[in-house]
Amino acid sequence: TKPPIDFFAAIQELKQEMNAVILAHYYQDPDIQDIADYIGDSLGLSRQAASTDADVIVFAGVHFMAETAKILNPDKLVLLPDLAAGCSLADSCPPQAFAAFKATHPDHLVISYINCTAEIKAMSDIICTSSNAVEIVRQISKNQPIIFAPDRNLGQYVMQQTGRDLLLWQGSCIVHETFSERKILQLQAEYPEAEVIAHPECESTLLRHAKYIGSTTALLKYCQQSTTKVFIVATEPGIIHQMQKQEPDKIFIPAPPTTNSCACNECPYMRLNSLEKLYLAMKNRTPEIKLAEKTRLAALKPIQKMLEMSH
Ligand code: 13P
Ligand code: SF4
């Protein structure tokens with residue numbers, strides 16, 4: 001029998017051979033995070049994709065992220081280890097229905113969260129991520145009505161932070177809506193010194209218990225800077241790998257889901273990727289992200305606008 005493949009070594013070798021860069025999101029399995037050249041939130045990953053001089057981008061994340069990398073790099077090969085790695089939030093905004101919604105509000109500016117398909121991006125004026133949504137909305141004139149899509153929770157959070165009234169598309173993320181408020185309160189009673197930190201994709205009923213709210217990168221930074229030792233982390237628990245690495249003496253408790261019977265605080269799409277699939281994608285140069293040029297060009301404009309408008 002053949003010896004088992006050392007995926008770490010094989011991936012490193014392929015990376016050199018192909019002049020590839022591996023970009024990974026914080027919700028990936030720890031071993032994928034450990035082999036990545038860059039780990040980040042959606043904004044950081046977009047910036048990396050916009051500036052890389054590699055020939056091949058291997059995207060360890062979900063489809064809309066790899067698609068964004070392709071929109072920014074039409075001539076590069078962009079690989080996604082498993083094309084089924086989608087996103088419930090992106091799925092909650094089908095292009096046809098969104099086009100009809102937009103048509104009934106022709107005077108509205110469309111700001112879309114990056115967690116959407118290229119077709120939705122192509123219908124948007126500006127893209128935002130969880131780290132710049134508030135900053136971007138603040139730059140829009142107060143008289144300008146805005147449609148915010150597809151995440152109603154992030155939209156509501158932006159409304160609360162900016163005092164603006166946004167017309168919200170009613171989409172949401174299955175992972176961030178799974179956390180149990182009751183169990184978080186129980187944990188707080190058990191660990192009175194603990195701070196709840198949360199991602200703005202969580203519902204407002206949960207966010208009101210959070211000491212700090214931010215994107216994955218912002219949450220990570222907050223844990224490093226805070227003097228607190230115990231955190232209840234209300235986002236996908238993949239990020240805890242980095243938190244624990246950077247702050248080995250602090251305690252990070254994943255916010256529990258409502259049901260005990262599943263690990264449903266883990267993103268089922270993000271977790272489709274594995275080191276083996278990453279290796280095979282590189283070896284076989286497939287599955288590749290492809291996009292119609294017309295859609296790509298239309299989707300590029302609001303992404304560029306975002307990059308210009310955020311610091
Ligand atoms: P950020 O990493 O940009 O905060 O996004 C979180 C998320 O849900 C990505 O799918
Ligand atoms: Fe989509 Fe939610 Fe998974 Fe992020 S965590 S990829 S928003 S389903």
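This is a chat about a predicted model, its two ligands and the residues around them.

Biologist: Hi! What should I know before I start?

Modeller: Residues are numbered from 1 along each chain as its sequence is written, while chains are lettered from A and ligands numbered from 1 in the order in which they are written. The model is predicted, and local features need pLDDT of at least 70, side-chain atom pairs count only at pLDDT 80 or more, and totals for chains, interfaces and linings use all residues.

Biologist: Where is C87 found?

Modeller: In the loop between β4 (77-79) and α5 (88-91). Helices (H or I, at least four residues) and strands (E, at least two) are DSSP runs, numbered from the N terminus.

Biologist: Is C87 buried or exposed?

Modeller: C87 is buried, because 22 other C-beta atoms lie within 10 Å. Buried takes 20 or more other C-beta atoms within 10 Å of the residue's own, exposed means 12 or fewer, and partly exposed is in between, with C-beta atoms placed from the backbone.

Biologist: And what does C87 touch?

Modeller: Not counting residues up to four places away in sequence, C87 touches V62, H63, F64, N115 and Y269. Contact means that the two C-beta atoms, placed from the backbone, lie within 7 Å.

Biologist: How about C173, buried or exposed?

Modeller: C173 is buried too, with 24 other C-beta atoms within 10 Å. C173 sits in the loop between β8 (166-168) and α10 (181-190).

Biologist: On to the ligands! Which residues come nearest to ligand 2?

Modeller: Of the 13 residues around ligand 2, the nearest are C87, S88, C173, V175 and C267. A residue counts as near if its C-beta atom, placed from the backbone, lies within 6 Å of the molecule or strand.

Biologist: How does the shell around ligand 2 divide?

Modeller: Into ten nonpolar, two polar and one charged. Ala, Val, Leu, Ile, Met, Phe, Trp, Tyr, Cys and Pro count as nonpolar, Asp, Glu, Lys and Arg as charged, and the others, Gly among them, as polar.

Biologist: And which residues surround ligand 1?

Modeller: D41, S42, N115, T129, S130, C173, H199, E201, S215 and T216. That shell divides into one nonpolar, seven polar and two charged.

Biologist: Why does ligand 1 lie between domain 2 and domain 3?

Modeller: Because domain 2 (89-174 + 296-309) and domain 3 (181-254) both give residues to its shell. The domain bounds come from an automatic or database domain assignment.

Biologist: S42 is in that shell. Where does S42 lie?

Modeller: S42 lies in helix α3 (residues 42-51), and S42 counts as buried with 26 C-beta neighbours inside 10 Å.

Biologist: New topic: how many residues of helix α4 are buried?

Modeller: Ten of the ten residues of α4 (residues 63-72) are buried, so α4 is largely enclosed by the rest of the structure.

Biologist: Last one! Which strands pair with β5?

Modeller: β5 runs parallel to strand β7 (residues 146-149), joined by four bridges. β5 also pairs in the parallel sense with strand β6 (residues 126-128) over three bridges. Pairing takes at least two bridges found by DSSP between the strands.
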